[in-house]
Amino acid sequence: MRFGLSIIASILFAGTSYASNDFSAIDKYVNFVKKEVGLPSGTAVAIVKDGKIVYEGYFGYSNLKDNKRVTEKTAFYLASVTKPMFALSVLLMEGNGDIKDSTSMAEMFPTLEFPYIDTDKIQVKHLVSHTHALANIPLVDTLAFTGQHNKLQRQKLTSASKNDPANQLGHYQYGNEGYNILSVWAEDKFKQDWQQTLEQLVYQPLSMNHTSSYVSDAETKGFDIARPYHLYAATPKKVMPFEKSDSTMQAAGGTFSSARDMAKFLIAQLNEGQVNGKQVFPANVIKKSHQKLATNDLKYRDFIRKGYAWGWYMGPYKEEKTYHHFGGIAGTHTHASFMLEHNIGLIVLNNEETVAASMTQGIADIAYSILLGKGDVNKITESRIEAMKDRWLKIQADIKETNETHEKRNAARKMVLTREKSEYAGVFHNPLWGNLEVELLENNDLKFSLGELNAVATAAKRKDELRIQFQIGSGRIAAYKIVEGKVAEIDVYGINPLAVETFTRL
């Protein structure tokens, strides 16, 4: 069965060389990976050159149960690839006189109190470049995962920002705090959701008709949303239990978009704001978005990172100056990159991340080798296929080992509770995180719910402690406090790496 469908018709695999517009090697590579892994999750690829889309490839399924194939209308969750789009919107706001890159947080939030930080020193450019030196896990995770927030709560969370003890102002440290803080400001400034402002400033001008920062827009706008899958799940072909909703979309990672729409965004980046001969964005704004704001020295697989601009990493790839940003959470891996000097760019979107992250690197290698005319594409493709075979064997072994480890751990632990199990159920509250609900199910299990996160508890090491896993690979310990013979509080370890969060019974 063929899982891929290329928009470029009549492409042959035969031959020893690839023309600059022959991307059949990508079809060959991606189709191999889908067949080898046996999980035909979705992948969408778009390549741009000289202001045009020169290749589109759609592979696998956006929804396995309903047999929905990926098409040009399929919107994937972008995760952190949202950042360069939101950063561009901030620059457009600056162009409209709404804010400056030097505007301080004190000026942004004149009525909010910040007891833990000096808001006079932290500026917009720090917030978009990850040099703000702030730590605010409750804000980040509430907006991205639990969804327990309204305008008042978002402002309360923003006010709780603290200085990161391991960092200092002006030094790069990647995180979502800065973009989330800017979205809270934008919401108050324009008296509407940040999603609406981003759509008005970026999506609509580019005619990104299959793009939205609201999940609920999919039905009204007529596009399909790719559902998330995970190879470490008990049933990999089953949609993951946690899916994004309107309340868990956030400015640091809160957009669904198609490969074709994202290609338009890259074309605007490559052509100083022009798309199809139309000046969509001011040229000076696009140029400024490429200016380096922070210095770093990082590497993600083949991509070297020497700086960070307005939502873009900067560094050499294949010895060429490249801008890029990737996105990834459980059930998603996305890639956006471009080379200004060559007027070329690449978009890759996936609704799975374990294999997709490695596969996307292979796609980038093949695509840029063709675009730049560097290397023997046949040899590169075969090398990537062999590398993926090895990678898949390692992943399978790790999945097996992980499952066995979890089974042994769970079998070795016994739940030790000093009170009746029903006494551990109830509603517990934390002023920043909201309500943690614990329900005793009919089968005598305890189910924990923190907003849109849900998990059935298993045994932990100590008495009156339970283990909860809201997401794959993210176990937490819930330690109950017994006061005067009654279950009074729950200390949750691991929900915030910087602190223990206490939830008090209501």
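Start with the lining of the largest pocket: its residues divide into 14 nonpolar, ten polar and five charged (nonpolar means Ala, Val, Leu, Ile, Met, Phe, Trp, Tyr, Cys and Pro, charged means Asp, Glu, Lys and Arg, and the others, Gly among them, are polar). This is a predicted model, in which local features need pLDDT of at least 70 and side-chain atom pairs count only at pLDDT 80 or more, while totals for chains, interfaces and linings use all residues. Residues are numbered from 1 along each chain as its sequence is written, and side-chain values use heavy atoms, without hydrogens and water.

Next, select helix 13 (377–412), which gives the largest share of that lining, five residues. Helices are DSSP runs of H or I with at least four residues, strands are E runs of at least two, and both are numbered from the N terminus. Strand 22 (453–456) and strand 24 (465–469) each supply at least two lining residues.

Move to helix 5 (residues 137–146) and helix 6 (residues 151–159), which pack at an angle of about 150° with axes 8 Å apart. Axes are lines fitted to C-alpha atoms over the stretch in contact, and angles run from 0 to 180 degrees between N-to-C directions. Pro138, Leu139, Thr142 and Leu143 of helix 5 meet Arg154, Leu157 and Thr158 of helix 6 (contact means heavy atoms within 4.5 Å).

Now select Glu272, in the loop between helix 10 (259–270) and strand 11 (274–275). Phi of Glu272 is near 50°, a positive value in a residue other than glycine.

Finish at Asn276, in the loop between strand 11 and strand 12 (278–279). Phi of Asn276 is near 55°, again positive in a non-glycine residue.
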